[in-house]
Amino acid sequence: MLVTSKELFSLAEEGKFAIPATNFIDLDSARTYVDTAEDLKLPLILAFAQQHEEFISLEEAALIGKYLAEKSSMPVVLHLDHGQDFDFIKRAISLGFSSVMIDASKDTLEENVRKTKEVVEYAHQHGVVVEAEIGHVGSNQSYEDKNETDSIYTEVADAKYFAEQTGVDSLAVSIGTAHGLYKGTPKLNFERLFDIYQAVDIPLVLHGGSSSGDANLTKCVDNGIRKINIFTDFLNAAYLEIKKDKASDYVEMKAEANAAMKVTLQRYFEVFKTKQVEV
């Protein structure tokens, strides 16, 4: 069933778990994520990033996402990830996305507040929830952001001010993760995360979950994170499986890739302590 994240996050807070936000770039990846959630009877956030319009259009993503979410017996959120401009976000809402993100994290705090308030006011009128980001989750080598950028840690006072001023439904924070591939395992600032968790009363989101280390991610869940974005690890798992097995044809290659992504998501459901819910 297609839902918003509002009730799911409330249940996640109550149960002290996080929900995977899985970025899809085609029908195969989206269907694999939703089928895995269906098999395990667990909730899912199916995410499409504005940056990924190079693979499929927003219209195609909406058709795929809505169809799979509505067909599933599990609660599935269709989420626009890293929306970069208001017009694109409006289009996503009109096409049926149940959740949107405005990413103005590279702007000044006040400009981020202004842009986020504008999106929140519009989205809430249409029954859509909004995520924003404060601080900045940078990039390593990434399919999500072709430019390498440094992370800027989220300040506790800024997070509290931002949440109060914008009325945003969830907040992505920066504590040391980055989009894309790491060289080694990152060192995360759990003390900063816990301080933010204590200071704000809206669900917290972690971007750049791929290759952050299972123990790190579980500790993030224990310290207040309720949504974790995963993308690069799915692509890597699919690629390595194809390379290892050397499929004999295209159909076999796709089946191997999908199977590898399914195993990856199954693992992350365990790492995030995701529980069954009723909505």
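This is a predicted model: local features need pLDDT of at least 70, side-chain atom pairs count only at pLDDT 80 or more; totals for chains, interfaces and linings use all residues.

1. From α5, the residues Leu109, Glu110, Asn112, Val113, Thr116, Lys117 and Val120 meet Asp158, Tyr161, Phe162, Gln165 and Thr166 of α6. By class, five of the residues in this contact are nonpolar, four are polar and three are charged.

2. As to the geometry of this pair, the axes of α5 (residues 109-125) and α6 (residues 156-166) come within 9 Å and cross at roughly 35°. The crossing of α5 and α6 is right-handed.

3. Is Thr154 buried or exposed? Thr154 counts as buried because its relative accessible area is 0%, and the cut-off for buried is under 20%.

4. Leaving aside neighbours within four places in sequence, Thr154 is in contact with Ile134, Gly135, Ala159, Val173, Ser174, Arg192 and Ile196.

5. Turning to the nonpolar cores, the largest has 67 residues, and those with the most contacts inside it are Phe24, Phe97, Val100, Leu204 and Ile228. Another core, of ten residues, lies apart from it and includes Val3, Phe9, Ala12 and Phe17.

6. Which residues does Phe24 touch, not counting those up to four places away in sequence? They are Ser29, Ala30, Tyr33, Leu46, Ala47, Phe48, His52, Ile56, Ala61, Ile64 and Leu78.

Terms used
Residues are numbered from 1 along each chain as its sequence is written. Side-chain values use heavy atoms; hydrogens and water are left out. Axes are lines fitted to C-alpha atoms, for helices over the stretch in contact, and angles run from 0 to 180 degrees between N-to-C directions. Helices (H or I, at least four residues) and strands (E, at least two) are DSSP runs, numbered from the N terminus. A crossing is left-handed if the near helix is turned anticlockwise from the far one by less than a right angle, and right-handed if clockwise. Contact means heavy atoms within 4.5 Å. Ala, Val, Leu, Ile, Met, Phe, Trp, Tyr, Cys and Pro count as nonpolar, Asp, Glu, Lys and Arg as charged, and the others, Gly among them, as polar. Buried means under 20% relative accessible area, exposed over 50%, partly exposed in between (1.4 Å probe, protein chains only). A nonpolar core is a set of buried Ala, Val, Leu, Ile, Met, Phe, Trp, Tyr and Cys residues joined through side-chain atoms within 4.5 Å.
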